[in-house]
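My notes are in the order in which I looked.

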Amino acid sequence: MCGIAGWFDPRARVADGEDRLRRMLALIRHRGPDEFGLYLDPHVGLGNARLSIVDLEGGQQPIANEDESLWIVFNGEIFNHVELRAELERRGHQFRTHTDTEVILHLFEDVGPECLARLNGQWALAIWDRRARSLFLARDRLGVRPLFYVERDGALFFGSEIKTLLAGAPVSAEIEPAVLDEIFTFWAPLPPRTVFRGIVELPPGHWLTINERGSQLRRFWQLDFSGPGPERTGEELLEEFRSLLIDATRLRLRADVPVGAYLSGGLDSSTIAAIIRRHTSVSLDTFSIAFDDAQFDESRFQGQMAAALGTRHQVVRATHADIGEVFPEVIWHTETPLLRTAPAPMFLLSRRVRDARYKVVLTGEGADEFLAGYDIFKEARVRRFWARQPQSRWRPLL
C-alpha cells in the first residue's frame, strides 16, 4: 500500500528536515517495507516507504520528470496507467521507469490538477514544483487512500497516517471532544476533522496546493445523485454495472506480483473471485476468516465457494481471545476510536495474507455501502415512511 510523508516551508526554517522526515517514515514502515526514498531541498522534504507492486526494480520514489523540476511521492495504484503512458509517449514524454507513479507526474506536467480527472484508481500523492516552489496534494475520489496534514505558520506537514505527524510536525496528541461526539453519532469522524486536535485529513475528491502566498483547497469530484434518466431500463443498467465490475476487476490484476482474493462466502467477495476465475487464466489463492463462535462463522459457505471456483484456499480461525489480543494493535493502526471489533478479524486475515507473501488481494469490501446491502438502509426507509404521519397508530408496530 506504500506510505508517504513530508513537509513544506516557504521560509526554509526546518533545520532538521532530513531527521524529521526519517522519523516520520519510520513509523509507517509497515506500509512500505521494500524501499525508502527521500528528496530534500531547503523548502521541502518528500519521503516514501514503498510496497513494490509495479516495476519492482526501477520504481523507487521520489520520482522526477525529465528536467527534475517536478518530484512526486505516491501511495496507491493507477489502473489505466498503461493507456495513459502510451498517450504521453506520443506527446514526447520520456520515461525512466515503468511505474504508474511516473505516469501521474508527466500527466500533471501537461495539465496540472486537471490530470486527476484522467486517473482510474486510488491515490494519495504529493507533487513538488521546484520552480514555482509549490506543493500539490491530492486524494482519490472516494478517499480509499488516507492523507493527513497539519498547517502551522505558513508551513505544512503531511503523511499517510496521523502518527507521522505526531513524530514530525509541531502538534501534540490531544483528543478533540467534538469529534468524539461525531464518532459516537456517525461511527467515524466527519472529514476534514480527525480525533486529534489540529490534525485534519484531506477530504476525498479534493486537492490542496500550498506556496508562499498560502494554501488553497479545491474539490475535483463529487457523486452525481441525479439518476440515470427515464430512457435507461433496469436491464440496461444492470448490464452496464456487470460490464464495469468485470472491467474494474481485470484492471486490478495488473501487477508485477501475484494477486489473491478474500473469500468470505458472501455474495460480494464470491462475485469478485468468480470474475477472476472466469475472465482470466490466472490461478487464484483465496483467503478467509473463520470464527469459533458459531453465530459468526461462515466457513461452510467459504469452503463451498472455494471448491466451486477451484481456488487454493487458506483459512485463519479467530477466537474471542484472538480478537481481544490484537485489538490494541488495531487501534494503533486505525488511529481513531472504534465502536465495533470487526476490524480485528480483518487485521488477523491480512496478517495471514502477508505471511503467505501476498502484497495484493481483491475484496468485496464496500459493496454493501453503495448497493444498500445493510439493514440500516432498510431502517432508514421505514423511518422516512413513518415520519410522514408521526402520530399514526401504526408507528409503534413499525
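The entries below record what I looked up, beginning with the basis of the values.

**Entry 1: basis**

I am working with a predicted model, in which local features need pLDDT of at least 70 and side-chain atom pairs count only at pLDDT 80 or more, while totals for chains, interfaces and linings use all residues. Residues are numbered from 1 along each chain as its sequence is written, and side-chain values use heavy atoms, with hydrogens and water left out.

**Entry 2: His93**

I looked up His93 and found it in the loop between α2 (81-90) and α3 (100-111). Helices here are DSSP runs of H or I with at least four residues, strands are runs of E with at least two, and both are numbered from the N terminus. His93 has a relative accessible area of 11% and is therefore buried; buried means under 20%, exposed over 50%, and partly exposed in between, with a 1.4 Å probe and protein chains only.

Which side chains make polar contacts with the side chain of His93? I noted His106 at 3.1 Å and Asp110 at 2.8 Å. A polar contact is a pair of N or O atoms within 3.5 Å; within protein, one must be able to donate a hydrogen and the other to accept it, and residues adjacent in sequence count only if both atoms are side-chain atoms. Leaving aside neighbours within four places in sequence, I list Glu66, Leu88, His106, Glu109 and Asp110 as being in contact with His93, where contact means heavy atoms within 4.5 Å.

**Entry 3: Phe79**

I placed Phe79 in the loop between β5 and α2. Its relative accessible area is 4%, so Phe79 is buried. Not counting residues up to four places away in sequence, Phe79 touches Asn120, Gly121, Gln122, Leu251, Arg252 and Arg254. I also checked Leu217, 138 residues along the chain from Phe79: their C-alpha atoms are separated by 26 Å.

Strands of a sheet pair through backbone hydrogen bonds, either parallel or antiparallel. I count two strands as paired if DSSP finds at least two bridges between them. Strand β5 (residues 70-78) runs antiparallel to β6, with 9 bridges joining them; Glu77 has Gln122 in β6 as its bridge partner. On to β7 (residues 134-139): 6 bridges join this strand to β6, again antiparallel, and Ala126 has Leu137 in β7 as its bridge partner.

Is β6 largely enclosed or open? In β6 (residues 121-129), 7 of the 9 residues are buried, so the strand is largely enclosed by the rest of the structure. The hairpin of β6 and β7 has 4 residues between the strands, and Arg133 in this hairpin takes a positive phi near 50 degrees.

**Entry 4: the parallel sheet**

I traced an open sheet of 4 strands with parallel pairing, in the order β15-β14-β13-β16. Its edge strands, β15 (312-318) and β16 (360-362), each pair on one side only. Neighbouring strands of this sheet are turned by 30 degrees against each other on average, direction ignored.

Between β14 (residues 285-291) and β15 I recorded 7 bridges, with the strands parallel. Ile289 stands opposite Val316 in β15, and Ala290 stands opposite Arg317 in β15. The chain crosses from β14 through α8 to β15 in a right-handed β-α-β crossover; right-handed means that, with the strands pointing away from the viewer, the path from the first strand over the helix to the second runs clockwise. Helix α8 (residues 299-309) lies across β14 and β15, at about 165 degrees to β14. For such angles, axes are lines fitted to C-alpha atoms, for helices over the stretch in contact, and values run from 0 to 180 degrees between N-to-C directions.

**Entry 5: aromatic pairs**

How many aromatic pairs does a search of the whole structure find? The search finds 8. Rings of Phe, Tyr and Trp (its six-membered ring) pair if their centres lie within 6.5 Å; planes under 30 degrees apart count as stacked, over 60 as edge-to-face and the rest as tilted.

I noted Phe136 and Trp207 as a tilted pair, 5.7 Å centre to centre with 40 degrees between the planes. Phe136 is in strand β7 and Trp207 in strand β11 (residues 206-211), 71 residues apart. Both Phe136 and Trp207 are buried.

Phe287 and Tyr358 form an edge-to-face pair, 5.5 Å centre to centre with 70 degrees between the planes. Phe287 lies in strand β14 and Tyr358 in the loop between α10 (343-355) and β16, so this pair ties together parts 71 residues apart in sequence. Both Phe287 and Tyr358 are buried.

Last, I noted that ring pairs link Phe108, Phe136 and Trp207 into a cluster.
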